[in-house]
Amino acid sequence: MRLIFGREPAIVAALIEAAVLCLTAFGLGWSAEQVTYVNAAVSAGLALYVAWGTVDKASAAVIQLAKATLVLVAGFGANLGPDRTAALLGLVTVAVAAFT
């Protein structure tokens, strides 16, 4: 397994989640929903990191990270709509297929 700063990715994810919660508690101003979006994106990113180190082609993990990122962007107020979201996911899927 690939480590981050000598630690497992799950420990790093827990540290980031705790830091985001502390920052929010001390005035960051994010809603509980936005904190959830950030935590989901962090988890997806770390899952991609682990998948990339354990399998030759982590295409599915890249696509899932793109989905989590779109949810994060929408959670912070971007009005993408279903058409644009589908177009972006289609682009990511084709790009991943082209380069893996």
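**Exercise 1. Contacts along the chain**

Among contacts in the chain between residues at least 6 apart in sequence, what percentage join residues at least 24 apart?

*Solution.* The model is predicted, so local features need pLDDT of at least 70 and side-chain atom pairs count only at pLDDT 80 or more, while totals for chains, interfaces and linings use all residues. Residues are numbered from 1 along each chain as its sequence is written, and side-chain values use heavy atoms, with hydrogens and water left out. Step one: a contact means heavy atoms within 4.5 Å. Step two: take the contacts between residues at least 6 apart in sequence; 54% of these join residues at least 24 apart.

**Exercise 2. Overall layout**

Describe the secondary structure and extent of the chain.

*Solution.* Helices (H or I, at least four residues) and strands (E, at least two) are DSSP runs, numbered from the N terminus. The chain has 4 helices and 0 strands, in the order α-α-α-α. Its C-alpha trace spans about 45 × 40 × 10 Å along the principal axes. Of the 100 residues, 25% are buried, where buried means under 20% relative accessible area, exposed over 50% and partly exposed in between (1.4 Å probe, protein chains only).

**Exercise 3. Helix 3**

Compare the span of helix 3 with the expected value, and list its buried residues.

*Solution.* Step one: the expected span is 1.5 Å times one less than the number of residues. Step two: helix 3 has 17 residues and reaches 24 Å from its first C-alpha to its last, close to the expected 24 Å. Step three: its buried residues are A61, I63, A66, A68, L70, L72 and G75. Just after the helix, G77 has a positive phi of about 110°.

**Exercise 4. The aromatic pair**

Classify the aromatic pair and locate its two residues.

*Solution.* Rings of Phe, Tyr and Trp (its six-membered ring) pair if their centres lie within 6.5 Å; planes under 30 degrees apart count as stacked, over 60 as edge-to-face and the rest as tilted. The count by this rule is 1 aromatic pair. The ring centres of W30 and F76 are 5.2 Å apart with planes at 75°, so the pair is edge-to-face. W30 sits in the loop between helix 1 and helix 2 (32-54), and F76 in the loop between helix 3 (59-75) and helix 4 (81-99), 46 residues apart. W30 is partly exposed at 29% relative accessibility, and F76 is partly exposed at 36%.

**Exercise 5. F5**

*Solution.* Most residues other than glycine have a negative phi. F5 is not a glycine, yet its phi is positive, about 55°. F5 lies in the segment before helix 1 (9-28) and is exposed, with a relative accessible area of 81%.
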